[in-house]
Amino acid sequence: MSATTINNYKATFILDLRESEDDSAKVMAELNELLKSIGGEPSDSEDLGMRDFARAADRRYTQGHYIEIYFDGTGNVPATLKEKLKLDKRINRIFIESL
């Protein structure tokens with residue numbers, strides 16, 4: 001039996017809530033639940049609020065709502081997370097880094 005390596009990650013999400021009824025707290029709670037459902041273990045999350053983009057690709061969209069979630073999981077959790085969120089219109093960008 002092989003031991004499964006658990007890694008620490010930090011995921012930063014840029015939310016686009018312009019056409020959504022949801023607020024950042026609801027989206028953050030849903031992301032934490034999604035992480036648990038795919039085998040991740042969220043440890044800490046932080047709402048960083050609205051921030052301007054350094055370079056805006058769209059003049060009508062120059063800032064986004066940033067949230068960070070720290071979690072532990074196996075090596076396949078980040079890819080699974082990105083795949084599950086690919087079609088979520090509320091998520092503009094996802095950055096996942098290994099800590």
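Which residues does Thr 12 touch, not counting residues up to four places away in sequence? I looked this up with contact taken as heavy atoms within 4.5 Å, and I found Tyr 66, Ile 67, Glu 68, Arg 93, Ile 94 and Phe 95.

Before going on, I note that this is a predicted model, in which local features need pLDDT of at least 70 and side-chain atom pairs count only at pLDDT 80 or more, while totals for chains, interfaces and linings use all residues. Residues are numbered from 1 along each chain as its sequence is written, and side-chain values use heavy atoms, with hydrogens and water left out.

**Thr 12 and the sheet**

I placed Thr 12 in strand β1, where helices (H or I, at least four residues) and strands (E, at least two) are DSSP runs numbered from the N terminus. Thr 12 has a relative accessible area of 10% and is therefore buried; buried means under 20% relative accessible area, exposed over 50%, and partly exposed in between, with a 1.4 Å probe and protein chains only. Its bridge partner in β3 is Glu 68.

For β3 I noted nine bridges to β1 and ten to strand β2 (residues 41-52), both pairings being antiparallel. Eight of the eleven residues of β3 are buried, which leaves the strand mostly covered.

**Rings**

I searched for ring pairs (Phe, Tyr and Trp, the last by its six-membered ring, with centres within 6.5 Å; planes under 30 degrees apart count as stacked, over 60 as edge-to-face and the rest as tilted). The count comes to two aromatic pairs. Tyr 9 and Phe 71 are stacked, because their ring centres lie 5.2 Å apart and their planes are at 25°. This pair links distant parts of the chain, with Tyr 9 in strand β1 (residues 7-15) and Phe 71 in strand β3 (residues 63-73), 62 residues apart. Tyr 9 is buried at 7% relative accessibility, and Phe 71 is buried at 0%.

The pair of Phe 53 and Tyr 61 is edge-to-face, at 5.2 Å centre to centre and 70° between the planes. Phe 53 counts as buried at 18% relative accessibility, as does Tyr 61 at 9%.

**Core**

Of its 18 residues, Phe 13, Leu 31, Leu 81, Leu 85 and Ile 91 touch the most other members. The elements giving two or more residues to this core are β1, α1 (24-37), β3, α2 (77-85) and β4 (91-98), and α1 gives the most, with five.

Terms used:
Pairing = 2+ DSSP bridges. Core = buried A, V, L, I, M, F, W, Y, C linked by side-chain atoms within 4.5 Å.
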